[in-house]
Amino acid sequence: MQALFFLCACISVLAVIMICRFIFVNAYPAISEIGLGDFIFGKVWKPKQELFGIFPMIVASIYVTAGAIIVGVPIGILTAVFMAMYCPKSLYKIIKPMINLLAAVPSVIYGFFCLMVVVPVVQKLTQTSGKGILTASILLGVMILPTIINTAEASIRAVPDYYYHGALALGATKERCIFKVILPCAKSGVLSGVILGIGRAIGETMAVVMIAGNQTVLPDSITSGIRTLTGNIVLEMAYASGLHQKALIATAAVLFVFILIINLCFSVLVNKEVKN
């Protein structure tokens, strides 16, 4: 069994190494030909003119991910607190399956729902097309909720009960016990849920493509139409060839680096917490 477990671990590591090698080896020719500075900070994406600047897509991905964090993280953590500390058992049996079902809904269904329901509302309120950063942020904020809620709830429940009862015995209110004792103790797990949610948000493709506006320009407001890194790849990879195709693979490499940076930051936070 030890050999079997070791083999499974090796397969996982090998899969990551192969993906990294494929992405970066195939991205290097495009970056070397276009130029790293022109590729990363270029503001014009016109493949027919061989102009491959992905800076607008990088900014768009950061904006919608930040918007998703603003929408989804507070709601997700507070919902997890309610599920773990306040929710009656009869109500928990109803809410928990619904949250799990929310995680199972395909992204294209989220996108279609947002296109038919949320976009018209935003359109009326802002007098714009309704497709842009605001709509995409709302959508992604909802999509990351199940990940944050389930991970944070499990972490809160893993905190020993005597922490909570000890704080109550010292005269703290229930809310103070939760926010000053329970949540700090569960910080590692809560951060895990947030990081996983961020990874889901920055990597989401189909739903964002349907409601983001798909404009390869720098946004000037929260209602501006945008195109994310993932959207850029999925919209053009089917017909791309030559340098255009290589530039799209290089775009995937930049996205991959974003995910690595996020995971690295999380690892640093966890290590600091363990040392403390």
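## First stop: a loop and its neighbour

Select glutamine 127, which lies in the loop between helix H5 (107-126) and H6; helices here are DSSP runs of H or I with at least four residues, strands are E runs of at least two, and both are numbered from the N terminus. Before we go on, note that this is a predicted model, where local features need pLDDT of at least 70, side-chain atom pairs count only at pLDDT 80 or more, and totals for chains, interfaces and linings use all residues. Residues are numbered from 1 along each chain as its sequence is written, and side-chain values use heavy atoms, with hydrogens and water left out.

Glutamine 127 is not a glycine, yet has a positive phi of about 60 degrees. Is glutamine 127 buried or exposed? With a relative accessible area of 68%, glutamine 127 is exposed (buried means under 20%, exposed over 50%, partly exposed in between, using a 1.4 Å probe and protein chains only).

Now click on valine 122, in helix H5. Valine 122 is buried, at a relative accessible area of 8%. Leaving out residues up to four places away in sequence, valine 122 touches Gln127, Gly130, Leu134 and Thr135, where contact means heavy atoms within 4.5 Å.

## Second stop: H3 against H6

Next, select helix H3 (residues 55-86) and helix H6 (residues 133-143), which pack at an angle of about 50 degrees with their axes 7 Å apart. Axes are lines fitted to C-alpha atoms, for helices over the stretch in contact, and angles run from 0 to 180 degrees between N-to-C directions. H3 and H6 are therefore oblique to each other: under 35 degrees counts as roughly parallel, over 145 as roughly antiparallel, 65 to 115 as roughly perpendicular, and the rest as oblique.

Show the side chains next. On the H3 side you'll find Tyr63, Val64, Gly67, Ala68, Val71 and Gly72, meeting Ile133, Ala136, Ser137, Ile138, Leu140 and Gly141 in H6. By class, this contact has eight nonpolar, four polar and no charged residues (Ala, Val, Leu, Ile, Met, Phe, Trp, Tyr, Cys and Pro count as nonpolar, Asp, Glu, Lys and Arg as charged, and the others, Gly among them, as polar).

Move to helix H4 (residues 89-104) and helix H7 (residues 145-158), which pack at about 135 degrees with axes 8 Å apart. That makes H4 oblique to H7. Which classes of residue make up the contact of H4 with H7? There are seven nonpolar, two polar and three charged residues.

Jump to threonine 228, in the loop between helix H11 (206-211) and helix H12 (229-236). Threonine 228 is buried, with a relative accessible area of 5%. Beyond its neighbours within four places in sequence, threonine 228 is in contact with Met57, Ala60, Ser61, Val64 and Val208.

## Zoom out

Finally, show the whole protein chain, with its 13 helices and two strands. The C-alpha trace spans about 70 × 60 × 30 Å along its principal axes, and 39% of the 276 residues count as buried.
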